[in-house]
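Morning, everyone. Let's take a quick look at a new structure.

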Amino acid sequence: KFEVEMHNLYARGNAIFAFMLWVLTAVTAGCFLTTVFLDYNCPVELDASEIKIRKVSDYASDSGYSDLANFEFTIKADVSSLFNWNVKQLFFYLVAEYTTPSNAVNQVVIWDQIVLRSNHVVLNERISKPKYYFLDDGNNFRNLDNVTFVLRYNVIPNAGYLRLAQASGQIQVDFPAEYTAGRGRA
């Protein structure tokens with residue numbers, strides 16, 4: 001009689017556990033399906049100023065030097081509309097895109113930030129210099145008139161796929177014709 005009761009106890013525990021897994025699967029699928037078709041677009045205001053180009057030594061380059069760009073930029077965006085009950089965090093990154101005679105597509109990440117639900121939901125950043133080096137693999141920055149700054153972001157959900165999005169608002173800037181004198185000049 002004891003073996004029969006244990007078998008029933010294990011069978012009941014297994015049934016409860018299996019039912020719990022089905023319920024959790026249904027809730028997770030519902031979480032994903034209720035947010036998959038939402039619009040994750042966000043307007044942003046970008047500005048770049050104080051653009052300076054320096055010639056720095058680069059032993060990997062054929063010419064022996066590469067161009068390094070420094071500038072100040074601001075990012076203003078209200079990202080509260082991106083958060084819903086399926087968004088865990090947002091990963092923002094600022095990309096500089098440009099074309100050169102040697103490379104048709106150049107994309108360089110120059111700044112990034114993670115925004116959690118509990119953090120501020122308004123980006124209002126004034127950065128005096130890029131977080132990462134904005135370095136060209138040659139000497140193509142002088143007189144470059146097609147540098148476009150774009151804010152992109154990943155929406156990291158609790159359930160579902162990782163969404164890649166781009167903010168609606170970008171700027172195009174012109175780089176100066178001359179190098180800035182100072183440290184790092186060849």
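Let me start with a question: does Glu 72 count as buried, partly exposed or exposed? Glu 72 has a relative accessibility of 25%, so the residue counts as partly exposed. Keep in mind that this is a predicted model.

Now the overall picture. Along the sequence, the order is α-β-β-β-β-β-β-β-β. There are 186 residues, and 40% of them count as buried. Take the contacts with a separation of 6 or more: 71% of them are between residues 24 or more positions apart.

On to the salt bridges. There are three.

Back to Glu 72. Its partner is Arg 126, with the closest N and O atoms 3.1 Å apart. Glu 72 sits in strand 2, and Arg 126 sits in strand 5, 54 residues apart. Arg 126 counts as exposed, at 58% relative accessibility.

Next pair: Glu 97 and Arg 152. Here the closest N and O atoms are 2.4 Å apart. Glu 97 is in strand 3 and Arg 152 in strand 7, so this pair ties together parts 55 residues apart in sequence. Glu 97 is buried, at 19%. Arg 152 is buried too, at 18%.

Last pair: Lys 131 and Asp 112, at 2.7 Å, N to O. Lys 131 lies in the loop between strand 5 and strand 6, and Asp 112 lies in strand 4, so the pair ties together parts 19 residues apart. Asp 112 counts as buried, with 14% relative accessibility.

Methods
Residues are numbered from 1 along each chain as its sequence is written. This is a predicted model: local features need pLDDT of at least 70, side-chain atom pairs count only at pLDDT 80 or more; totals for chains, interfaces and linings use all residues. Side-chain values use heavy atoms; hydrogens and water are left out. Helices (H or I, at least four residues) and strands (E, at least two) are DSSP runs, numbered from the N terminus. Buried means under 20% relative accessible area, exposed over 50%, partly exposed in between (1.4 Å probe, protein chains only). Contact means heavy atoms within 4.5 Å. A salt bridge is a side-chain nitrogen of Lys or Arg within 4 Å of a carboxyl oxygen of Asp or Glu.
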